[in-house]
Amino acid sequence: MLRAEGVKKEFAGIHALDGASLEVGEGEAIGLVGPNGSGKSTLLSAMSGFLRPDAGEITFDGRRIERMKPWRVAGLGLQRTFQLPQMPEKMTVLEVMLTGARLRRGNSIWTSLLRPGAVAAEQAEAIDRARALLDEMTLLRLANQPAAMISGGQQKLLSLGAALMGSPRMLLLDEPTAGVNPTLRGVLAERLRQVHAAGTALVIVEHDMGFVADLCERCYVLDKGTVITSCAPSKLASDQRVVEAYLGTKAFGKDGAPRRSGAAL
């Protein structure tokens, strides 16, 4: 479904990505892990259209996307969230949710003029869906609050909700639990399980090994812009390159399994 091959990106002579390659099947949940500066977020940006790679190919559902604009990539069903979501200061939580809706009837001035009833019905349906998603993520009570004033964890949930408004086929998530308190982390994890169970593929950049082990079927490990291994989360501890050079033994328990207490990569 998603394939990156030999992706390269350089910034001021530094190779953020140096031939990174991965594949994600339809409906899979994949972890993308590695030390800080290994190229994880850069790869997500390249795969979602926010960054044009210097070399390599990226395809989604058989279509080349490495030179597409982000909104075109999103229109194909590939959405991403960011590690540090930035919310508009003058928009409410509900209004931010509605930015993720695909209002096909209302995107034309002629349709708005000639079929105002149909456009109004589409807008009402989007509002109902937005409120339902906010309720699922425990944010409905904040629907009319300024989005920039809610907590960082709540903004992470809001960012996920806005992405889900477009019913994506695949979600690219950049450190969804960073800065999120344990209660909201549980809400976020449960919502992602539901999304994945409904058939949406997930690619998750994350430093919490327990979170990765709970949600992901496979992991890719990046270092210095290159994928060094791909395996099940439970197998990471048996790869000495991963444990000693990149993750550190603190990410794993004595039995070699990923810790469940938020241990960082």
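## End and start of helix H7

Gly 199, with a positive phi near 110°, follows H7. Helices are DSSP runs of H or I with at least four residues, strands are runs of E with at least two, and both are numbered from the N terminus. At the start of H7, the backbone nitrogen of Thr 183 has a side-chain oxygen of Asn 181 within 3.0 Å.

## Basis of the model

This is a predicted model, in which local features need pLDDT of at least 70 and side-chain atom pairs count only at pLDDT 80 or more, while totals for chains, interfaces and linings use all residues. Residues are numbered from 1 along each chain as its sequence is written, and side-chain values use heavy atoms, leaving out hydrogens and water.

## Faces of helix H7

Buried (under 20% relative accessible area, 1.4 Å probe, protein chains only) residues of H7 are Leu 184, Leu 188, Ala 189, Arg 191, Leu 192, Val 195 and His 196. Seen down the helix axis, these buried residues fall within an arc of 165° (taken from the directions from the axis to the C-beta atoms), so they line one face of H7.

Their cover includes strands S3 (29–33), S7 (170–174) and S8 (201–205), and also helices H5 (116–136), H6 (152–164) and H8 (209–215). On the face turned away from the buried side are the exposed (over 50%) residues Pro 182, Thr 183 and Ala 197.

## Lining of the largest pocket

Helix H2 (70–75), strand S6 (78–80) and H6 each supply at least two residues of the lining of the largest pocket. H2 gives the most, with 4 residues.

Terms used
Contact = heavy atoms within 4.5 Å. Polar contact = N/O pair within 3.5 Å; in protein donor to acceptor, adjacent residues only side chain to side chain.
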